[in-house]
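Hello,

Here is the structure for you to take over.

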Amino acid sequence: MSKKYPKYKPSNIEWIGDIPEHWEIKVLKRLAKICNGQDHKKVWDANGQFPIIGTGGTFGYTDSYLHQGPSVILGRKGTIDKPQYMEAPFWSVDTAYYTEIFPSTNPRYFYYLCTTINFELYKYGSAVPSMSQEVLNQIPFSVTNALEEQIAIANYLDKKTQEIDQLIEDKKQLIQLLEEEKTTIISQLITKGIDSNAEMCDSGIEWIGEIPKNWVTKKLKYVLSDKLKYGANESADEENREHPRYIRITDFGKNGKLKKDTFKSLPPEKANEYFLKEGDILFARSGATVGKTFQFKNYNGIACFAGYLIKVSPNPELILSDYLYLFTKTSNYKQWKNSIFNQATIQNIGADKYAYLDITIPKVEEQKVIIDHIHKESDRIDSKIKKTKKLIDLLIEYRSALISEVVTGKVKVID
């Protein structure tokens, strides 16, 4: 059971509740001085020694520094809800505040206090959440004035949070391994088939290797019902739910579905030449997402696609949409993409290059069997990933709750 302090008293602050009798309520300005960061552009140096810190993390480095640690970085604009602890010298950017912590306050203890701030209560602005010094200065904390007790609390939380963080990191690595396992299974089945005893032959393609003897490889353009087609070169200004959805790269969700919060549309007269039909696959042709694919399937409505995408319409007599889409999830497809990039100065794959993508193709009936097998295996792995992600969420919640319980005195961690 968790230890409690001998006596408590009301804090008169609802979200803090009762506090140990020898503790008191102090606002932030009694614990540290909040200071403004500065523009880092004039001092930025790729090879510099000292980190340039903002609310989003490290921006770069400089050979100059403004501030000697330890300090806590607090949000001014943008990512305001992630306090950062700095031990070494640093430069703070102008979208963040840094703090000069008073000698009566242990820096690590102060950091843990700051992680309990409910920034939703104090922020202003919606597009770019912001915090003012005036508001931050008046945020209350339950505090022990005994430096020895502050240090003991900080040491305890250092140890416990490190243990939790390591568990979280282990779970993230497990998810990565599960994702790799899924890719391996898809790659194996799409290029080698289900029968491990099948007679194999050389495909003649280095990044594919051997394939079952009764399979063939064909260029993408020869297994389609239409030519590869670029999307509409129109700006995404409209959000009319009565008009066709205008699908862009930014609409691709990690789960293979369209994001709900990025809806844009095109007037029918502009969308007319770019409508999608069930089973069409969209390939991204440039930028950071080049090579990424989206399968237009089970969409409730009409949609068209944007110019940085290329539409591919599989011929179901030769290749099933699900099979082609899964092919783009193989490690072999990734190798092909990388081979294209090695030949170019910029990351760009146009229709002329996609047209000559080699695809491993069994008969349609075998494609169906392979698809079913992959879906079953993917469901099994996805179930494990979902459970692991839920466990990570629980660990994160536990971490926050533990810090809150300790720094508000609900739990006693010293003898």
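Which residues does D322 touch, not counting those up to four places away in sequence? They are Q295, K297, I371 and H375. Please keep in mind that this is a predicted model. With K297, the side chain of D322 makes a polar contact of 2.9 Å. D322 lies in helix α6, residues 321-327, and counts as buried because its relative accessibility is 19%, under the 20% cut-off.

By class, the lining of the largest pocket has 17 charged, 14 polar and eleven nonpolar residues.

The second largest pocket has a volume of about 460 Å³. It is lined by 18 residues, and T115, I396, R399, S400 and I403 are the closest to its centre. Two or more residues come from each of α4 and α9, and α9 has the largest share, with seven. This lining divides into seven nonpolar, five polar and six charged residues.

Last, the cysteines. The count of disulfides is zero. For C114, the nearest cysteine sulfur is that of C35, 13 Å away. C114 is buried, with a relative accessible area of 0%, whereas C201 counts as partly exposed at 24% relative accessibility.

Regards

Definitions and conventions: Residues are numbered from 1 along each chain as its sequence is written. This is a predicted model: local features need pLDDT of at least 70, side-chain atom pairs count only at pLDDT 80 or more; totals for chains, interfaces and linings use all residues. Side-chain values use heavy atoms; hydrogens and water are left out. Helices (H or I, at least four residues) and strands (E, at least two) are DSSP runs, numbered from the N terminus. Buried means under 20% relative accessible area, exposed over 50%, partly exposed in between (1.4 Å probe, protein chains only). A polar contact is a pair of N or O atoms within 3.5 Å; within protein, one must be able to donate a hydrogen and the other to accept it, and residues adjacent in sequence count only if both atoms are side-chain atoms. Contact means heavy atoms within 4.5 Å. A disulfide is a pair of cysteine sulfur atoms within 2.5 Å. Ala, Val, Leu, Ile, Met, Phe, Trp, Tyr, Cys and Pro count as nonpolar, Asp, Glu, Lys and Arg as charged, and the others, Gly among them, as polar. On a 1 Å grid over the protein atoms alone, a cavity is a set of points where a 1.4 Å probe fits but cannot get out, and a pocket is an open set with protein on both sides within 12 Å along at least five of seven lines; lining residues have an atom within 4 Å of a point. Grid points are joined across faces, edges and corners, and a volume is the space filled by probe spheres set on the points.
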